[in-house]
Amino acid sequence: MYPAQFDYHTPGTVKEALDLLGKYKDDAKLLAGGHSLLPAMKFRLARPAHLVDLRKVPGLAGIKEEGGSLVIGAMTTHWAVESSPLVKAKCPVLAQTAAQIGDPMVRNMGTIGGSLSHADPAADYPATIIALNAEMVVEGPKGKRTIKVDDFFKSLMTTAVGPDEILTEVRVPVCGANVGCAYMKFPHPASRFAVVGVAAALTVEGGKVSKASIGITGAGTKAVRAKGVEAALLGKALDAATIQAAAEKAPDGVDVQADLQGSVEYKTHLLKVFAKRAIEAAAKK
Amino acid sequence: MATARLMGSSIKRREDPRFITGKGNYTDDLKLPGMTYAAFVRSEHANARIRGIDTARARAHPGVVAIFTGKDMTGVNSLPCGWLLPELKVPQHPPLATEAARCVGDPVAIVIAESQTAALDAADLVKVDWDVLPSVTSTARAATPGAPQIHEVAPNNIAFKFQIGDAAETDAAFTKADVVVKKRIVNQRLVANAMEPRACVARYEDATGDLTLWVTSQNPHVHRLLMTAFVLGIPEHKVRVIAPDVGGGFGSKIFLYNEETVCSWATRQIKRPIRWTSDRREAFQTDAQGRDHVTDAEVALSKDGTMLGLRVKTTANLGAYLSTFAPAVPTFLYATLLNGVYAFGAIHAEVTGVFTNTTPVDAYRGAGRPEAAYLLERMVDACAAALKMDPAELRKKNFIPKFDNGYQTKVALMYDSGNYGPCFDTLLQMLDYKKFRADQAAARAQGRLLGVGFSTYIEACSIAPSKVVGALGAQAGLWESGKVRVHPTGKVTVFTGSHSHGQGHETTFAQLAADQLGIPMDDVDIVHGDTGIVPFGMGTYGSRSASVGGTAILMSINKIKEKGKRIAAHLLEASPGDMDYANGQFFVKGSPEKAVPFGTVALVAYVPHNFPEGVEPGLEETSFYDPSNFCFPFGAHACVVEVDPDTGHVKILRYLAVDDVGNVINPMIVDGMVHGGIAQGVGQALWEGAVYDDTSGQLITGSMMDYALPKADGLPMYETARTVTPTPVNPLGIKGAGETGTIASTPAVVNAVVDALSGLGVDHFEAMPLTPERVWKAVQAATSGK
């Protein structure tokens, strides 16, 4: 498993990395943790002529709280998120999601920015950052811009990050005391990617749901917001009938794909099961 | 001296420190001056004619040393099939495909370069002009009218038709049956996935004409014999095959493959060493795969549950070519095991071997015996369900009663010894079966689906004797060699013709030899895996190393002792017939105080100044052991599962195994084999399966991301025990332990899932693995009355 030949670049700043992207354009590929890109290169499914490694760029990794949000550097590893006391305190579901990615080796190398930019349709993070209404900060030749999560995932393995841009930060609003969150997944038996994964963030005020935010990954070609589920929960008390009725809406708007792990019928069913489980788990918190 | 404790003692494996500290010596670790590196150009199509191969651009790539296609390999023969059934259709299997490729991954050219990357880059530049033909991968479809024809020599893609048992007697049994239970049972295809991928280094020295091949082999002598005598036509004595540390085989490294054959040929052309190491994708595509049966089975029963007859019709998928021992697996290693541990009144089995455009299929851990055990154990449970009998009771009712020296089955084999009831009773006690049924009923009342599955299996090890297997089509003898060299200082080197690639020979054989000689284990080393050093041996397969290889060593040790007695008798001025040997001392019977230590005898043997007349100097003996029969281990396993009805996910709560493998040299190593075997068998039941697209012929599950191997978090802590029924076949009483777990566990798991769902009306799964979707759909179909 040897990749095709490529040139390897180690920019020291985001600016240098952007210049390399500008120079080599489609021939360049950004390297973060490498746990999706490098296997693809070893299979020779990806053959970038230039690999731009972001690991030497200072300041891209790290977690801090700023203005009511957790600011997570794009190069922060899954392990760093999973084990961060700050994340565990302010946004525990994000740590719980990170802990369910791949295996320890993947989590020690893989990064949140790499995962989100790669936009694997079965990745775990996308469901949770949709549920948490995160924002993505990207830098490009024209400076910084912020992309709301609902505008981020465009199609299969495609995001709103431009070819000349780099995702540098993920900003996740801190969960309030009256917010319950959960991420529940059905893992692929080999890869441990999500066959389906559902994240729920529910704000309960006066015994009723005042805000519902549900993200879905795995079943379709990209992660999506489950608007039908959200609408079915809003303003209701979280009783069994409400949860069941809301969960039934989970497949709405998901372009469910059949593969060896399941037919459209089965995955559609799983979406309902895991929506229910995620809502139930979020309701308990 | 603590000799009596060595046999049967859980001594830690000597080989492990080097393996776990990265100091093993694997084929890919070898560095030779002038080394070149090979990459193979492979077919991306399942069935395609080769119109032409353009190597011009590849030849121009920097670092390329040579490129060869099949047409360059003149005078090279087809890869041989080592087990010829009557009327077997044997298609040509050239080391590099010349006319057509018959499966994805079929090699058509070798690119040799100064570096591995240069070889791979240049291989990408070789352009093959393909005429793509329709293909067939489905076992059930292969021999049907209209299926694409793969080999001219095999009309309708049929390689052989085989039958065993008594058809008339079986028909009569079915005529008088009160109940007939019939099921279709599909045993899916598996990928062996040894941790170390296949690899070879071939070095030709033109100054001497010697060829050395380092290769990931379970049987280096067999590799050498097949390659020299049948394919390359070069003298066997000028070829040395070395199988150094080998990281697992599970059968897949028994066979002679294209790659080492081509490298051995090519090194003679370029006169430089060549290394090839498979990557994991090549391993998925080209390592011989396992199982792949579609079977219709029927059992005839009387009302009281007596098993009157068994009728089996199996189609076995052999893949695109006949791998080395492929025809033996679904015939003499499968159909002959269909008697199981049950006293069937009659049995008849038909097996049709078919070619498809898939990777060749051959022996994979268990090899035929798991297929037989799965079929029988699934059918027994289906029979119990049909009769509304308890599956444990039905088994007990039909067990062959205890026998010590021979039971003639209905399918040719003569079992050695067996006592199946106590083994199963031990299992039921460990399980607390009655309590489980109560727990199961209570759980059901709460909507939880618990189930238990049993598997009471038989296994056949140390395939033998040679004259019998020869009559059945084997092109090889199935004996083993063992040579014991006592050095002048009394230290001992043992050479075994069997090979260790995970089994722990370096520990167990040292235990055996030290125990027998009454000397410290540290004084004994085990050498294997080198045709230049070790006498011709048949290698490791079919759980035979301890029983056959161990007996050959024992025979040599006995010869050493006899010679030592003559030397010691001379030193003590006693008669050799009066001598005895124990605890490392030769002594006159009844006078242990008059003793000569083993080390003294060894020294005298090499410095024979005071030596008996007519005795040769030296102390070294070689033996070849050809067993008189197979050995038949048996056992009873149980699995307890819980099924999530919402998702179809199966969780294993308990796994219990009571095995009888005869006498045991090292219980810890046997436990390890049982544990690993269970994991592999559970893998087949729940996760593993090679899936081909029947239209394109592509292997869809071609990577670790798609093909689900067992993981620790899907397996419980095993509860194991053993009963001991020594075999009368060999003097060690050892039956064999390497495959029992794989054979037993698959049906135990599937039976447990069926049992969990039995309350909903599910009584069978036609196909494995029991993926969550399959289980969920079965629940849906049963509950919706479909």
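Reader: Which residue of chain A forms a salt bridge with B:Asp646, and how far apart are the closest N and O atoms?

Author: Before the answer, keep in mind that this is a predicted model. The partner is A:Arg277, and the closest N and O atoms are 3.8 Å apart. The cut-off for a salt bridge is 4 Å, so this pair counts.

Reader: How many salt bridges does the rule find across the interface of chain A and chain B?

Author: There are 6 salt bridges between the two chains. For polar contacts, the rule gives 12 residue pairs across that interface, both residues being at pLDDT 80 or more. On the chain A side, helix H11, residues 264-284, gives the most, with 7 residues. By class, the side of chain A that touches chain B has 13 nonpolar, 7 polar and 6 charged residues.

Reader: And what area is buried between chain A and chain B?

Author: About 2200 Å², with carbon and sulfur atoms giving 59% of that. The contact draws 26 residues from chain A and 28 from chain B. If you want to know where to look in chain A, go to A:Tyr2, A:Leu260 and A:Tyr266, which lose the most area to chain B and together make up 23% of what that side buries.

Reader: Now inside a chain. Which domains does the assignment give for chain A?

Author: It gives domain 1 (7-52), domain 2 (63-173) and domain 3 (179-284). Let's take domain 2 and domain 3 of chain A, whose C-alpha centres lie 20 Å apart. Here 23 residues of domain 2 are in contact with 23 residues of domain 3. The area buried between these two domains of chain A is about 1700 Å², and carbon and sulfur atoms give 56% of it.

Reader: Which residue forms a salt bridge with A:Asp150?

Author: That's A:Arg225, with the closest N and O atoms 2.8 Å apart. Across the interface of domain 2 and domain 3 of chain A, the rule finds 2 salt bridges. The count of residue pairs in polar contact between these domains is 14, both residues at pLDDT 80 or more.

Reader: Which elements give two or more residues to the side of domain 2 of chain A that touches domain 3 of chain A?

Author: They are helix H5 (92-98), helix H8 (125-131) and strand S8 (153-155) of chain A. H8(A) gives the most to that side, with 5 residues. Sorted by class, the side of domain 2 of chain A that touches domain 3 has 13 nonpolar, 6 polar and 4 charged residues.

Reader: How is chain B divided, given that a domain may be built from several segments?

Author: Domain 1 of chain B is 3-20 + 479-625, domain 2 is 32-133 + 195-248 + 253-286, and domain 3 is 290-463 + 629-783. The C-alpha centres of domain 1 and domain 2 of chain B are 39 Å apart.

Reader: Which three residues supply 43% of the area that domain 1 of chain B buries against domain 2 of chain B?

Author: B:His501, B:Thr531 and B:Phe536, which supply more than any other three residues. The total buried between these domains of chain B is about 1400 Å², with 54% from carbon and sulfur atoms.

Reader: How many salt bridges are counted between domain 1 and domain 2 of chain B?

Author: The count is 2. B:Asp530 forms a salt bridge with B:Arg240, and 2.7 Å separates the closest N and O atoms.

Methods:
Residues numbered from 1 in each chain as written. Chains lettered and ligands numbered in written order. Predicted model: local features only at pLDDT ≥ 70, side-chain atom pairs only at ≥ 80, totals over all residues. Heavy atoms only, no water. Domains from an automatic or database assignment. Contact = heavy atoms within 4.5 Å. Buried area = accessible area lost by both parts, 1.4 Å probe. Salt bridge = Lys/Arg side-chain N within 4 Å of Asp/Glu carboxyl O. Polar contact = N/O pair within 3.5 Å; in protein donor to acceptor, adjacent residues only side chain to side chain. Helix = DSSP H or I, 4+ residues; strand = E, 2+ residues; numbered from the N terminus. Nonpolar A, V, L, I, M, F, W, Y, C, P; charged D, E, K, R; others polar.
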